[in-house]
Protein chains: 2
Amino acid sequence: MSEHPVLEKLSSNKCFEGELIKYKFKSSALGDLDAQFNLYLPPSVSKGKVPLLTYLAGLTCTEDNGAQKGAFFQVASAQGIALLFPDTSPRGAGVPGEDADWDFGTGAGFYLDATNPAYSKNYNMLTHVTVELPQVIEANNLPIDLGRQSIFGHSMGGHGALTLYLASKTKQYRSASAFAPITNPTKCPWGEKAFNGYLQGGIEEAKAIYDATELISKSEGSVHILIDYGTGDNFYKQGQLLPENFLKAARDAGYDEFQVRVRSQDGYDHSYYFISTFAADHIHFHANFLKA
Amino acid sequence: MSEHPVLEKLSSNKCFEGELIKYKFKSSALGDLDAQFNLYLPPSVSKGKVPLLTYLAGLTCTEDNGAQKGAFFQVASAQGIALLFPDTSPRGAGVPGEDADWDFGTGAGFYLDATNPAYSKNYNMLTHVTVELPQVIEANNLPIDLGRQSIFGHSMGGHGALTLYLASKTKQYRSASAFAPITNPTKCPWGEKAFNGYLQGGIEEAKAIYDATELISKSEGSVHILIDYGTGDNFYKQGQLLPENFLKAARDAGYDEFQVRVRSQDGYDHSYYFISTFAADHIHFHANFLKA
């Protein structure tokens, strides 16, 4: 990977006295394809480096959905936290069939590193999010304190946030939270399809590293996790999210509600209207750890 | 106009304990075309009827932009105010050329009633917003107190909010506010194009009823107006908005800063990132009058 990828600034918008910047660069992790991300810098960057909260979006989304619809910036501005919005997959890899379905391929990278040779050149969102983007931020002297990172996300991005948090051997993130996450993907249709497509070893390969319920059951040491899901969420009803499985595994592993909090929100659905309602809660949750 | 148009509920999303509902109905004002709107009902509708704040969106937008990106619902929920999001034009009228430009025709109704015969059957957003939608709300027994209405909007929708407020002989709205509004459309390219297209009498016809700067200069009695615009707004720089003209006309007409407040926001642009930053200010402004 290049040590100093060139960042091209595509746009900048002032928002709650801070700045939202869209960048483009050539991503080694994604097979030298162009990748875009949004970065929100709170006004407090004028006084020094700020902690980083990464937001992982869901199926079909891009780096824009969370920025446009999440209603995250008021609290991020007030708390002095930068927000990083990666894309959800490589774009234009040219793998046959990658655009055939909305829940696999383009827009559906599942925050893993593919081992199936058809995908392994480009579909490496795990490395892109956890290694490459922080390197790019550092190499370009952006005012971020990479020693203070947390992560959150929605749906597939909630899966990403929980698994990247729990699987990180370096404890890269101080806390993780999720809106309507896929918490047990080896047991739901979305996850089965993704793992069987991206991974040579399929679901068995995924269990050890890409399933939050499996990971929490084997976790040791303290964790800081907040999950919200809505009872009116059709994907919850269809068994794609399975938050009860995650909650049971966490409790069985000895984690109490102060370490793993899973909240059922009456009548809320899978949309950004749900996310925006609890956005402030989540950023305040992470602020506890990012500013500690 | 039908007294009891049938409302079809297309979707519902819970948001900040209230409900955002998307409706469709056959619009007489728009020439019997299907029209859609979003309506946000705060949780306080369980205790009785609530006041209504109408949000008019800008060029190219639909009933969804403000709902998805405006970050209006937290304060609307807390203040107990319903929000109405109309579309920005008729859809599918079939007038030759209506889809040729982004700033005229579809998505660009300018909140007027057309007098050019080519457009007068369908392009009647003034009647749609001020007469038809309230009638539809009443006929369908939605929990809205139509005796308490205010209006706000963005860009072309800011033009709509200011002109509908100032021109209403019945004082339909208690207050008006706008983000980056077109305030003197008879003197800017967007307005000239719209008026010359929609109105038989062109710009001269528009001056008396569709130009906020002209209207404020002839207004009598107290008004309640708040305007925010950003100094980084390219449309402001290009002379499409002309807030200085509106401000001067208001001061010349004797309105002080308690009645007409025009705020220049340093570095903000024309986007919803700007709107969301000042969204809470605007809803609190209207709450002063809607809850009086």
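Me: Which helix gives the most to the lining of the second largest pocket?

Reply: Happy to start there, with the note that this is a predicted model. H4(A) gives the most, with 5 residues. H4 spans 156-167 of chain A, and helix H3 (125-139) of chain A also gives two or more residues to that lining.

Me: What makes a residue such as Tyr165(A) part of the lining of the second largest pocket?

Reply: A lining residue has an atom within 4 Å of a pocket point. The lining has 25 residues, and Tyr165(A), Leu166(A), Ala167(A), Ser168(A) and Lys169(A) are those nearest the pocket's centre. By class, the lining holds 11 nonpolar, 9 polar and 5 charged residues. The space inside comes to about 650 Å³.

Me: And the largest pocket: how much space lies in it, and which residues lie nearest its centre?

Reply: The largest pocket has about 760 Å³ of space. Its lining counts 44 residues, with Lys69(B), Ala71(B), Tyr272(B), Tyr273(B) and Ser276(B) nearest the centre.

Me: How do you know which chains give elements to the lining of the largest pocket?

Reply: Look at the elements that give two or more residues: helix H1 (65-69), helix H2 (73-79) and helix H10 (272-290) of chain A are listed together with H1, H2 and H10 of chain B. Chains A and B therefore each give elements to this lining, where an element counts as a helix if its DSSP run has at least four residues. H10(B) gives the most, with 8 residues.

Me: Why are 26 residues of that lining called nonpolar?

Reply: Because they belong to a set of residue types that includes Ala and Tyr. The rest of the lining divides into 15 polar and 3 charged residues.

Me: What makes chain B and chain A count as being in contact?

Reply: The test is heavy atoms within 4.5 Å. Here 20 residues of chain B are in contact with 20 residues of chain A. The two chains bury about 1900 Å² between them, with 51% of that on carbon and sulfur atoms.

Me: Which elements of chain B give two or more residues to the side that touches chain A?

Reply: Those are strand E1 (8-15), helix H1 (65-69) and helix H10 (272-290) of chain B. By class, this side has 8 nonpolar, 7 polar and 5 charged residues.

Me: How many salt bridges are there between chain B and chain A, and how many residue pairs in polar contact?

Reply: The salt-bridge count is 0. Polar contacts, in contrast, are counted for 10 residue pairs, both residues at pLDDT 80 or more.

Notes
Residues numbered from 1 in each chain as written. Chains lettered and ligands numbered in written order. Predicted model: local features only at pLDDT ≥ 70, side-chain atom pairs only at ≥ 80, totals over all residues. Heavy atoms only, no water. Buried area = accessible area lost by both parts, 1.4 Å probe. Salt bridge = Lys/Arg side-chain N within 4 Å of Asp/Glu carboxyl O. Polar contact = N/O pair within 3.5 Å; in protein donor to acceptor, adjacent residues only side chain to side chain. 1 Å grid on protein atoms, 1.4 Å probe; cavity = no way out; pocket = protein on both sides within 12 Å on 5 of 7 lines; lining within 4 Å. Points joined across faces, edges and corners; volume = space filled by probe spheres on them.
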